[in-house]
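Subject: Handover of a structure

Dear colleague,

Please find the structure below, together with its sequence.

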Amino acid sequence: MAETAPEAEQTSPAEGETRRDFLVLAAGAMGAVAVVGIAWPLIETMNPSADVLALASAEVDLSPIEVGQSITVMWRGKPVFVRQRTPAEIEQAATVDLADLPHPETDEERVQRAEWLIMVGVCTHLGCIPLGQKLGDPRGDFDGWFCPCHGSHYDTSGRIRVGPAPRNLDIPEYQFLNDTLVRIG
Amino acid sequence: MSTPVPRNRLAQWIEYRLPIFSWTNAQLIDYPTPRNLNYWWNFGSLAGVMLVVQLLTGVLLAMHYTPHVSMAFDSTEHIMRNVEWGWLLRYLHANGGSMFFVVIYIHLFRGLYYGSYKAPRELLWLFGVVILMLMMGSAFMGYVLPWGQMSFWAATVITNLLSAVPWIGDTLVTWLWGGFSVDNPTLTRFYSLHYLFPFLIVALVFLHLWALHHRKSNNPLGIEIKSPKDTIPFHPYYTAKDMVGFGVMFFVLAIFVFYLPNMLGEVINYVPADPLRTPHIVPEWYFLPHYAILRAVPDKLGGVVAMLAAVVILFFMPWLDNSKVRSARFRPIYKQFFWVFLADCVVLGWVGANPPAGSFILIGRLATAYYFAHFIIIVPLIARFERPRALPESIHQAVLKKGGGGEPAPAAKMERP
């Protein structure tokens, strides 16, 4: 190194590049890597912790739910709507023209068994809980759910029909363990 | 102006090492201030006082509050019922937030009316807008801490605004929550940031004042200080004038704290947070115009962008308004549109307080369109076509002419007695 160094100093300035330029660049790059390397774990600390992630599934017993009745269960701190739909509601959901939907999805894509509609009960606009779970709640213009915050109307398949919400109500991952037991998450 | 040399030996010892006495004298006592400032110029120091009130009450509240979902609501009630003078602390802090916004909004509109954002005070203005944004963040996170119904749902709705960001929106919201919904991790980080932000505000206030004292105050005439005759020392003239403002402000604050402590709050926030039941959500009064703008746009992302733009556009005011004349006193057209704009902001606030139905939707959209048109179309056009009235020669000439007598002010007497 000692022998080559003076040589480089003599030739480089003519080309407009010096050892110092290289050192500044290299040190700057290492500095940037270090900043990112430190920032990454610090930012990651704000993500969900292990215990929050561990609570990521819930089992629901379907047997007490009558036809036309809904229940709300908690999953990941959010309400999940579980509804045993009436034949009329299934019919209504299945016969909608997809061209009328802001977020086109068929009813079959949204349910595993037609009578059981299971979805996250959080309005996709700004996260309010839509009304329509209890008897006497307003259910909107499409007989499904109605969000009172900014007036989003959802149909009997939980699809957005009118209002500011951009998406249909989310469908969580779930599986039927048997005819009366379902695991969400 | 006299540069006081401290007589006290200890003070001299300090002054030699850190010139704090001459600095204080130059910035707070002899500091040359335009002699024609009116009461609208009180609001900067009033804002400073409110910041101190919030810091003081906040630090004391933090000694009794517990940031945990199962204890936050109860610890707030503990402060109200058990802590000595706890009710006073909390009511001062909650109503102090509103008072702070009253003062800041008047301060902001004062700047818009008298052109205080114009060269060479652009940076001063920018720091002010950053302070406003930090205040909004602090106010929002502070409102979440009592963990009542409105706290919880305000947190849910406002953090969900971020989910409108394309592609990474949901990841971003999960990161911000520290979970899959607003929950304990969200509360603790909001508490931490609510404690941090005021100190960031203090740092920005320092920059704001540095820029102010470097270029000195604007004034109702909007013309620069040209000679020492245009100025009077800050103390005792404006320290005294500010005291009048303090008195009035604390009188108003006291009316709210002692007689109407919950008038500006929502009753439903005295119900503990329930993640399964959304109440009717209304923001605090100081966010109503922004809320109206959010709802005026029938698209989620568009609404969020419009709401943010409504604040961010203030940054550009120095460059949108190219008029050489600062003060609206000499700008006959700008002056009228200033009042129209102020009225538009009030209309937005009124729309924001009402449900988005019927004619409120149309009014909200028109008022939102006008809000942006004011900045993007009206202000630049006025700057181009308006003929301003003639400016006075200097501040002291204008002041003395108005005072009736042509006698030159005894300049020496106007200095510190």
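How many residues of domain 1 of chain B are in contact with residues of domain 2 of chain B? The count is 43 residues of domain 1 of chain B against 34 residues of domain 2 of chain B, where contact means heavy atoms within 4.5 Å.

Before the details, some notes on conventions. This is a predicted model, in which local features need pLDDT of at least 70 and side-chain atom pairs count only at pLDDT 80 or more, while totals for chains, interfaces and linings use all residues. Residues are numbered from 1 along each chain as its sequence is written, chains are lettered from A and ligands numbered from 1 in the order in which they are written, and side-chain values use heavy atoms, with hydrogens and water left out.

The two domains of chain B

In chain B, domain 1 covers 33–277 and domain 2 covers 282–387; such bounds come from an automatic or database domain assignment. The centres of these two domains of chain B, taken over C-alpha atoms, are 21 Å apart. Between them, domain 1 and domain 2 of chain B bury about 3400 Å², of which 70% is on carbon and sulfur atoms. Buried area here is the accessible area (1.4 Å probe) that two parts lose on being put together, summed over both. Of the area that domain 1 of chain B buries against domain 2 of chain B, 20% is supplied by F109(B), Y113(B) and K118(B), more than by any other three residues.

Two salt bridges are found across this interface of domain 1 and domain 2 of chain B, a salt bridge being a side-chain nitrogen of Lys or Arg within 4 Å of a carboxyl oxygen of Asp or Glu. E224(B) and R326(B) form a salt bridge in which the closest N and O atoms are 3.0 Å apart. There are also 15 residue pairs in polar contact between domain 1 and domain 2 of chain B, both residues being at pLDDT 80 or more. A polar contact is a pair of N or O atoms within 3.5 Å; within protein, one must be able to donate a hydrogen and the other to accept it, and residues adjacent in sequence count only if both atoms are side-chain atoms.

On the side of domain 1 of chain B that touches domain 2 of chain B, helix 5 (86–114), helix 6 (122–144) and helix 7 (149–160) of chain B each supply at least two residues. Helices (H or I, at least four residues) and strands (E, at least two) are DSSP runs, numbered from the N terminus. Helix 6 of chain B gives the most to that side, with eleven residues.

The contact between the chains

Chain A contributes 23 residues to the contact and chain B contributes 22 residues. About 2200 Å² is buried between chain A and chain B, 67% of it on carbon and sulfur atoms. The count of salt bridges between chain A and chain B is zero, and that of residue pairs in polar contact is nine. Helix 3 (50–54), strand 2 (70–75) and strand 3 (78–84) of chain A are the elements that give two or more residues to the side of chain A that touches chain B.

Chain A itself is divided into domain 1 (1–47) and domain 2 (52–184), whose C-alpha centres lie 56 Å apart.

Local geometry

Most residues other than glycine have a negative phi, and most peptide bonds are trans. A cis peptide bond joins A119(B) and P120(B), with omega about 5°; P120(B) is placed in the loop between helix 5 and helix 6 of chain B. Another cis peptide bond joins H235(B) and P236(B), with omega about 10°, and P236(B) is found in helix 10 of chain B. In chain A, D143(A) has a positive phi near 60° and is found in strand 5 (residues 143–147).

With kind regards
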